[in-house]
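Have a look at this one before we talk. My notes are below, point by point.

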Amino acid sequence: MARQVIPTKGNLIAVRKSLALAKLGYDLMDRKRNILIREMMGMIDQAKDIQKQINGTFASAYLALQNANISMGVIDRPIDNFPVDTSLEL
């Protein structure tokens with residue numbers, strides 16, 4: 001709800017100062033918003049690059065796991081249950 005101001009010259013000067021301050025505050029907040037948006041876009045680009053690196057690492061690890069499973073077979077029991085061959089000890 002709008003506040004009633006008595007139309008005097010002093011109030012006119014005060015309202016003009018308040019309006020100028022509000023405009024300055026609006027401009028500063030607009031600049032800050034633009035800077036934050038630019039920073040956020042940069043971070044999004046950086047996150048996309050990191051995600052690409054992660055995906056590449058997972059892809060190569062999965063390929064290595066596939067190759068290990070092909071060459072050594074899939075192990076479906078814990079390693080503790082495997083018998084140890086002691087005939088080759090020095």
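**Notes on the model**

1. Start with the charged pair: R33 makes a salt bridge with D30, and their closest N and O atoms sit 2.5 Å apart. (A salt bridge here is a side-chain nitrogen of Lys or Arg within 4 Å of a carboxyl oxygen of Asp or Glu.) Searching the whole structure turns up 1 salt bridge.

2. A word on provenance: this is a predicted model, where local features need pLDDT of at least 70 and side-chain atom pairs count only at pLDDT 80 or more, while totals for chains, interfaces and linings use all residues. Numbering runs from 1 along each chain as its sequence is written, and side-chain values use heavy atoms, with hydrogens and water left out.

3. R33 and D30 are 3 residues apart, about one turn, in helix 1 (residues 9-72). Helices are DSSP runs of H or I, at least four residues, and strands are runs of E, at least two, numbered from the N terminus. R33 counts as partly exposed because its relative accessibility is 45%; D30, at 26%, is partly exposed too. The cut-offs are under 20% for buried and over 50% for exposed, with partly exposed in between (1.4 Å probe, protein chains only).

4. How does the helix length check out? The 64 residues of helix 1 should span 94 Å at 1.5 Å a residue, and the end C-alpha atoms are 92 Å apart, so the two agree. The expected span is 1.5 Å times one less than the number of residues. After helix 1 comes G73, with a positive phi near 90 degrees.

5. Overall, the chain has 1 helix and 0 strands, and 0% of its 90 residues count as buried.
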